[in-house]
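Dear colleague,

Please find below the structure that I am handing over to you.

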Amino acid sequence: MAIISSRDADHPQQGTQPRKVRKESKEPLEATPDSQPQNLAAPDPLLLRVENAPKTGEDLLQPQAHPAEGQEESLRPRTLAEYIGQTELKEVLAIVIAAARSRQEPLDHLLFYGPPGLGKTTVAAALAAEMGSQFYMTTAPALESPRDIAGYLVRLKRGDVLFIDEIHRLPKVTEELLYPAMEDFRLDITIGKGRSARMTSLPLERFTLVGATTRVGALTSPLRDRFGQVQRLRFYEPDELVQIVMRTARLLNTSIDPEGAAEIAQRSRGTPRIANRLFKRVRDYAQVRGDGHISQAVAAAALELFHVDPMGLDWTDRKLLTMLVEQFGGGPVGLDTMAAVTGEDPQTIEEVYEPYLLQIGYLQRTARGRVITPAALRHLGYEAQSPLPLWS
């Protein structure tokens, strides 16, 4: 199986001449009577590059993938058998794959949704490997014009898998071009201009579209209804994350014991991407300040150095909670007030920091504002103090 991505198409390899890129129009897709379908193809994509991982304390706990995420491709499971966790999802997909193989048909279109970092891209690539198909990968923001998506569609062979990440961000005109492609396997294009313009259709091979999104509610109903399978990825259990950390250590030739892996898993917010990121930073610490082996004590010391506490909270998370207690008596506090006091953007607080605090029950959103919970008070060590004004 080959994995092809559009993400590095703008970065030529070292030692090669940069390609001249023709500036394309943003007008709807058009063709002339003499034009050939292969002229619509997108520029040849390059393979994903692997660079150094982020090292700042706050970046470690962000579930979004970083442009410079190191060794991520080498750590991805290649098949569903290697994939750890998501047991129910794997069982459903195994049935779908077996049925498609028995009928010698391509897979139906699939949509995966859930928080970032849970393995939506990995599952899509594993599906293509299980079917023995070519895997094409792109993101919705990269498909700015109909020509961009048409370039992928006309090059697909029977059974190939086209993966579109962040599919909720597809431009409207590009999304409408996908409707007949997904349903009838045809590409509708306009020939000519003005009053002489006419619509024609190009037949497409039967392919599988796999979409991934963190905001399934942002998809339009016509697009969402064209997926034969809509599956949600859940957060991982601690024992599953321990297996993932142990597997990563084995692939990266690092000595680790189960207790050390459990310490990393405990602070990973139920997300494999964060677990792998924390493991790499602990590995650095063990090599520089130890003998290279990761034990429970080494992992705990390293993560404390990076301001990641046992519940997976970073410095900013604790700052938000502490501010609620010490300056506002536990709340309620409005979002704009929190942003002014902490110096953070309101959208950043609402979309980056609050979701995890709400998920673990450390913060509540009320009509009057944000309120800290007794569980957060105990975690911060305020349980011995007198009752806060909120509960007095």
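To begin with a pair of helices, α4 and α5 are roughly parallel to each other (angles under 35 degrees count as roughly parallel). The axis of α4 (residues 146-155) and that of α5 (residues 172-183) come within 9 Å and cross at roughly 30 degrees. Axes here are lines fitted to C-alpha atoms, for helices over the stretch in contact, and angles run from 0 to 180 degrees between N-to-C directions. Pro 146, Ile 149 and Leu 153 of α4 meet Val 173, Thr 174, Leu 177, Leu 178 and Ala 181 of α5, where contact means heavy atoms within 4.5 Å. By class, 7 of these residues are nonpolar and 1 is polar, with no charged residues (Ala, Val, Leu, Ile, Met, Phe, Trp, Tyr, Cys and Pro count as nonpolar, Asp, Glu, Lys and Arg as charged, and the others, Gly among them, as polar).

Please note that this is a predicted model, in which local features need pLDDT of at least 70 and side-chain atom pairs count only at pLDDT 80 or more, while totals for chains, interfaces and linings use all residues. Residues are numbered from 1 along each chain as its sequence is written, and side-chain values use heavy atoms, with hydrogens and water left out.

The chain as a whole has 14 helices and 11 strands; these are DSSP runs, helices being H or I of at least four residues and strands E of at least two, numbered from the N terminus. Of its 392 residues, 47% count as buried (under 20% relative accessible area, with exposed over 50% and partly exposed in between, for a 1.4 Å probe and protein chains only).

An unreviewed UniProt entry lists Arg 365 and Arg 370 under "binding site"; such annotations may be inferred rather than shown by experiment. Arg 365 is placed in strand β10 (residues 363-366) and is partly exposed, at 41% relative accessible area. Its side chain reaches the backbone oxygen of Glu 350 at 3.3 Å. Arg 370, in strand β11 (residues 369-372), counts as buried at 11% relative accessibility. Leaving aside residues up to four places away in sequence, Arg 370 touches several residues, including Glu 350, Glu 354 and Arg 365.

Finally, Ser 268 is found in the loop between α8 (258-266) and α9 (272-289) and is buried, at 0% relative accessibility. A polar atom of the Ser 268 side chain lies 2.6 Å from the backbone oxygen of Ile 264.

With kind regards

Key: Parallel < 35°, antiparallel > 145°, perpendicular 65-115°, else oblique. Polar contact = N/O pair within 3.5 Å; in protein donor to acceptor, adjacent residues only side chain to side chain.
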